[in-house]
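Student: I would like to learn how to read a protein model. Could we go through one together?

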Amino acid sequence: MDNNPQSAPEKTHLEELNELMIRRRQELDELVKHGINPYPYLFSQTNYSGEILSSFKDDGQQVNVSIAGRIMSIRRMGKASFCHVQDSQGKIQVYLKKDDVGEMYDIFKLLDIGDIVGVEGFVFRTKMGEISIHARKFEVLSKSLRPLPIVKEKVDEKGNKIVYDPFSDKELRYRQRYVDLVVNPGVKEVFIKRAKILRIIRKYFDERGYIEVETPILQPIYGGAFARPFITHHNALDVDLYLRIADELYLKRLIVGGFDGVYEFAKDFRNEGMDRSHNPEFTMLELYVAYKDYVWMMNLVEEMVSTIAKEVVGATKFKVGDNEIDFTSPWKRISMFDAIMEYTGKQLKGKSEQELRMIAKELKIEIEPGADSAAVIDEIFGEFVEPKLIQPTFITDYPVEMSPLAKKHRSEQGFVERFEVIVNGHELCNAFSELNDPLDQRQRFEEQMKLRVRGNEEAQVQDEDYLRALEYGMPPTAGLGIGIDRLTMLLTNQDSIRDVIFFPQMKPEH
RNA sequence: GAACCCGUAGCUCAGCUGGUAGAGCAUCGCCCUUUUAAGGCGAGGGCCGUUGGUUCGAAUCCAACCGGGUUCACCA
């Protein structure tokens, strides 16, 4: 081994090489000197760790296998060694002895935790009882040049796993998710469940004949939600464009165009604060179905979410944090004002902005001077009701000022046909009977413009093309939006949105 | 945006009544052909987040900045 480097340590883009990294580069050179290609092209793996472990029988029959994966631990004992190799299904122990692999044993000495190898051999059970692969051959498939965090595990007498020195630094875990995924097996599980949730929803909608569509992310006018947008610029057209905050108005244009049901898993972007339940880009599922109303949509949501829970968690009743949540239908349905009445004893129906402000004062809630009555009501609801709603609950019938895209209530003056589902104290989805009266819609936009003048940066912007579409005629339509990240948080029992997004937004590293 | 907490070896952490750095794992050398948090003996490894200040002397005290976490605000 070359122990006197002639030149100063080279640098990567991120940092100077430390001892461990220099060491691994030297081993890489050694491998090449031995005629080994440390980065070959192919390996024909025919088995996976999980499948080998579950199908093993102690019947003396020799079963030959070939696996590929990353070395996660090594125990060297002179002329024989054990290591654990991790593939997509988990880990399996590999036993190598010099008598069996010959010259290659010297190559194995040049390998480290983190290197990717292919192993051929037969399955056996060790004296200590662990099902393992007795290697006859192995191949280097990729030499790792960086030390992986070392996480050790021990299984106690009761079969519980004790983890020593877990890789737990959240900053490193999020910035280097690839490392997190390698050493923290639970992380992968969450994302596999996330994929499963998407698959189930897709299947559920496709079976009903709804069409999955794609609509613009770059929009000349942003709309469909209350939020501040990201702005970007298109050079060739020399126009500013907005990253969408919602795809609602485009999906409804498609309903005008004659689709009876459309949905999109949309990455939306909102230029706002970040916290445990907000990432600047997030995934929203929106669905629009013609000739249906919000009552119909409530039934769909109830059925679909409990179906997802059953398939992903295996039950409709399960623990999320400290709470046991029961998605079994039917869920409670209560109007927004009745819910406020229930939790505060205050009746808000028919109250003016002044009266609402008085009530807020009695409840000791601070209200910003620029707030309109809708904002006051929402503040009261958010403070006193939402956090108390643990079991899935439909909150229905919102004041018209809060919902400029929702249709007027068929019987309650001043309200719209809208519902949200609140679970575990957080909004899970939002839906309404869509406003399809173009004249009413124009008035609602005008109300929003007035709010904007009053200083509300999040008030919605008038979209003339959308109004034109409505003027051609949109059928009665039910619409729904579900936050996929939040749904995933619930079903995987994660309390931070960063744990259900592979690469959450972070400040630049340098 | 605000408050509080944190930043020491590749990883997980100790050291913080100021005297210039420590453990376990990982790494290196020797021994070890069924081990498993393998073991035994020995060794190396640090701009103590950055920049200033106080001091004879700072990982330790102070300030600013950078990054992270938590809570609150915002996100209806």
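Tutor: We will take strands, domains, salt bridges and backbone angles in turn. Keep in mind that this is a predicted model.

Student: Let us begin with the strands. In what order do the five strands of the barrel close?

Tutor: Strands of a sheet pair through backbone hydrogen bonds, in either a parallel or an antiparallel way. Here the barrel closes in the order β1-β2-β3-β5-β4, and its pairing is mixed. On average, neighbouring strands in this sheet are turned by 55° against each other, with direction ignored.

Student: How many bridges join strand β1 to strand β2?

Tutor: Seven bridges link β1, residues 64–77, with β2, residues 80–87, and the two strands run antiparallel.

Student: Which strands are the edge strands of the open sheet?

Tutor: The open sheet has eight strands in the order β8-β12-β13-β20-β19-β18-β17-β16, again with mixed pairing. Its edges are β8 (211–212) and β16 (332–335), each of which pairs on one side only. Further in, β17 (residues 393–399) and β18 (residues 415–423) are antiparallel and share six bridges. Within that pair, Tyr-398 has Val-416 of β18 as its bridge partner. Helix α9 packs on the sheet and touches several strands, including β13, β16 and β20. The direction of α9 makes about 35° with that of β20.

Student: Next, the domains. Which residues belong to each domain of chain A?

Tutor: The domain assignment gives domain 1 as 19–148, domain 2 as 187–331 + 400–413 + 429–499, and domain 3 as 332–390. The C-alpha centres of domain 2 and domain 3 are 24 Å apart.

Student: What area do domain 2 and domain 3 bury between them?

Tutor: The size of an interface is often given as the accessible area lost when the parts come together. For domain 2 and domain 3 this is about 1000 Å², with 49% of it on carbon and sulfur atoms. In domain 2, the residues that lose the most area to domain 3 are Trp-331, Met-402 and Arg-454, together 49% of what that side buries. Counted by residue, 13 of domain 2 are in contact with 13 of domain 3.

Student: How many salt bridges are there between domain 2 and domain 3?

Tutor: The count is two. There are also three residue pairs in polar contact between these domains. On the side of domain 2 that touches domain 3, α9 gives the most, with four residues.

Student: How many salt bridges are found in the whole structure?

Tutor: A search finds 37. One of them joins Glu-27 and Lys-143, at 3.1 Å from N to O. Glu-27 is in helix α1 and Lys-143 is in the loop between β5 and β6, so this pair ties together parts that are 116 residues apart in sequence. Another salt bridge is formed by Arg-333 with Glu-302, whose closest N and O atoms are 3.7 Å apart.

Student: Last, the backbone. Which residues does the cis peptide bond join?

Tutor: Most peptide bonds are trans, and most residues other than glycine have a negative phi. The cis bond joins Ser-329 and Pro-330, with omega about 0°. Pro-330 is in the loop between β15 and β16.

Student: What is the phi of Asn-424?

Tutor: Asn-424 has a positive phi of about 55°, although it is not a glycine. Asn-424 sits in the loop between β18 and β19. Asn-493 likewise has a positive phi, near 60°, and is in the segment after α15.

Technical notes: Residues numbered from 1 in each chain as written. Chains lettered and ligands numbered in written order. Predicted model: local features only at pLDDT ≥ 70, side-chain atom pairs only at ≥ 80, totals over all residues. Heavy atoms only, no water. Pairing = 2+ DSSP bridges. Axes fitted to C-alpha atoms, helices over the stretch in contact; angles between N-to-C directions. Domains from an automatic or database assignment. Contact = heavy atoms within 4.5 Å. Buried area = accessible area lost by both parts, 1.4 Å probe. Salt bridge = Lys/Arg side-chain N within 4 Å of Asp/Glu carboxyl O. Polar contact = N/O pair within 3.5 Å; in protein donor to acceptor, adjacent residues only side chain to side chain.
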